[in-house]
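Have the sequence and the 3D view at hand as you read.

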Amino acid sequence: MFPALLPARCLRCLCRVPRPPPRRPLSSSARPARLGLGARLCVVAGAGAAAGAGWLYLRAQRERRQRERRRQELRALALGRGEFRLQDHAGRARRMGDFRGRWVLLYFGFTHCPDVCPEELEKLGRVAELLERDPALPPLQPLFVTLDPERDDAAALARYVRDFHPRLLGLTGGAEEVRAAARAYGVYAAAGPRDEDGDYIVDHSVFIYLLGPDGLLLDCYGRAKTDAQIAQSVRRHMQTYEPVLQDGE
């Protein structure tokens with residue numbers, strides 16, 4: 001009722017809504033700074049590098065702990081294992097202690113083996129050749145221990161090893177000495193039945209063993225491993241090697 005008593009001009013004033021003042025554009029100095037594309041890329045790259053460095057550090061720590069745990073396991077198994085007393089293909093007395101301080105690739109087999117032993121010894125020789133190409137790596141001694149001392153005397157081994165790596169050293173001995181050497185490395189060996197000519201095959205486990213400079217077993221490689229794979233593994237062991245035994249042990 002009250003608005004009806006007012007003049008029309010006053011009604012127009014009541015209905016008029018005040019307008020907000022127009023916004024003034026921000027000056028360039030008042031605007032928030034925006035990073036250019038190059039700067040944003042640098043920030044992203046820096047964050048990625050930091051994350052990558054952290055991941056590498058954690059991985060290195062994990063590998064260090066694994067190596068230390070492995071060293072403790074090897075140390076617990078080390079004393080009294082892996083020793084043998086044999087003679088080489090030149091007739092000289094040999095024991096495992098003679099090879100302390102050197103890296104060794106060791107294979108057990110027999111000279112009358114028709115295929116497996118020659119293949120594995122050829123592979124062992126190729127591994128040695130691959131590692132010899134890197135002068136930064138320490139020298140490697142290839143060893144072949146016969147599991148058939150009845151037929152594999154020093155002369156037979158001398159003729160046999162000539163077909164493989166020039167530094168391959170053949171080892172033989174009495175039956176009990178050879179069995180003791182095989183037991184020290186967990187090698188299975190059993191002579192099969194003889195045929196009418198007195199010939200026989202020796203059934204045995206097929207592994208190439210890697211021994212570190214302290215004479216301890218560090219790794220072993222079955223038939224499925226190639227020469228390149230074994231060489232890569234041996235190289236990694238050489239580059240990350242830490243002695244397990246203390247001096248005098």
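Residue numbers start from 1 along each chain as its sequence is written. The model is predicted, so local features need pLDDT of at least 70 and side-chain atom pairs count only at pLDDT 80 or more, while totals for chains, interfaces and linings use all residues; side-chain values use heavy atoms, with hydrogens and water left out. Helices (H or I, at least four residues) and strands (E, at least two) are DSSP runs, numbered from the N terminus.

Strand 3 and strand 4 run parallel and are joined by 7 bridges; two strands pair if DSSP finds at least two bridges between them. How many residues of strand 4 are buried? The count is 7 of the 7, so strand 4 is largely enclosed by the rest of the structure. Here buried means under 20% relative accessible area, exposed over 50%, and partly exposed in between, with a 1.4 Å probe and protein chains only. In a regular strand the side chains alternate between the two faces of the sheet. In strand 4, Leu140, Pro142, Phe144 and Thr146 point one way, and Gln141, Leu143 and Val145 point the other way.

Now follow strand 3 (residues 103-109) to another partner, strand 8, with which it pairs in the antiparallel sense over 4 bridges. Leu105 has Leu210 of strand 8 as its bridge partner. Strand 8 (residues 208-211) is covered on both faces, with Ile208 and Leu210 buried on one side and Tyr209 and Leu211 buried on the other. Strand 8 is also joined to strand 9 (residues 217-221) by 4 bridges, and these two run antiparallel.

Next come the helices. In helix 6 (residues 227-239) you will find Ser233, which counts as buried because its relative accessibility is 7%. Leaving aside residues up to four places away in sequence, Ser233 touches Asp219 and Tyr221; contact means heavy atoms within 4.5 Å.

Helix 4 (residues 154-161) is mostly covered, with 6 of its 8 residues buried. Its buried residues pack against strand 1, helix 3 (116-132), strand 4 and strand 5.

In helix 5, the buried residues are Val178, Ala181, Ala182 and Ala184. They lie on the same side of helix 5, because they cover an arc of only 160° around the axis; the arc is that of the directions from the helix axis to the C-beta atoms. These buried residues of helix 5 pack against strand 1 (85-88), strand 3, strand 4 (140-146) and strand 5 (169-172). After helix 5 comes Gly186, with a positive phi near 65°.

Helix 5 also leads us to the second largest pocket, giving the most to its lining with 5 residues. In all, 18 residues line this pocket, and Leu147, Pro149, Arg179, Ala189 and Ala191 lie nearest its centre. On a 1 Å grid over the protein atoms alone, a pocket is an open set of points where a 1.4 Å probe fits, with protein on both sides within 12 Å along at least five of seven lines, and lining residues have an atom within 4 Å of a point. The second largest pocket has a volume of about 310 Å³, the space filled by probe spheres set on the points, which are joined across faces, edges and corners.
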